Amino acid sequence: MKASTREWVVKAEEDFLAATALNRRRKKPLWNIVSFHAQQAVEKYLKARLEESALAVPRTHDLVYLLNLVAAVEPLWLAYHSALSLLASYAVQTRYPGSSVTKADTRHAMRLCRQFRKEARRAFGLKS
């Protein structure tokens, strides 16, 4: 794995660990923040795959756009299209008034994040 790819993976893991730790809070849950970090972890794994394949890494939070770019080297990842479409809204939308996620939304976001993380780590030859 290229050093630049490893940097993306480290950042993805930081977001995953943050989401996981914050998701354990029982008092004053932070569902918006957990969902945001779940989205960010997936985004950074997508960007890591682009980086490893020497493809351009655009400055975007659009998971579906990134997925379509990655599909050139990971066509089976297109199965995550619906899941990533849902997660994509947590990048910006939940950080502003007028939009919030529920506990159920957050559980779903974490489940999708874990599933995609496992697939991405497998592609890099890393333990889940």
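Buried here means under 20% relative accessible area. That cut-off matters for the charged residues below. The model is a predicted one.

**Salt bridges**

The count comes to six salt bridges. Three of these pairs are set out here.

| Pair | Closest N and O atoms |
|---|---|
| Arg117 and Glu13 | 2.7 Å |
| Arg121 and Glu13 | 3.5 Å |

**A network around Glu13**

Salt bridges link Glu13, Arg117 and Arg121 in a network. Arg117 forms a salt bridge with Glu13, at 2.7 Å between the closest N and O atoms. This pair links distant parts of the chain: Arg117 is in helix H5 (residues 103-123) and Glu13 is in helix H1 (residues 3-23), 104 residues apart.

Arg121 also forms a salt bridge with Glu13. Again the pair links distant parts of the chain, with Arg121 in helix H5 and Glu13 in helix H1, 108 residues apart.

Are these residues buried or exposed? Glu13 has a relative accessible area of 13%, so Glu13 is buried. Arg117 has a relative accessible area of 13%, so Arg117 is buried. Arg121 has 12%, so Arg121 is buried too.

Lys47 counts as buried because its relative accessibility is 6%. Glu43 counts as buried because its relative accessibility is 3%.

Note on methods: Residues numbered from 1 in each chain as written. Predicted model: local features only at pLDDT ≥ 70, side-chain atom pairs only at ≥ 80, totals over all residues. Heavy atoms only, no water. Salt bridge = Lys/Arg side-chain N within 4 Å of Asp/Glu carboxyl O. Helix = DSSP H or I, 4+ residues; strand = E, 2+ residues; numbered from the N terminus. Buried < 20%, exposed > 50% of the residue type's maximum accessible area, 1.4 Å probe, protein only.
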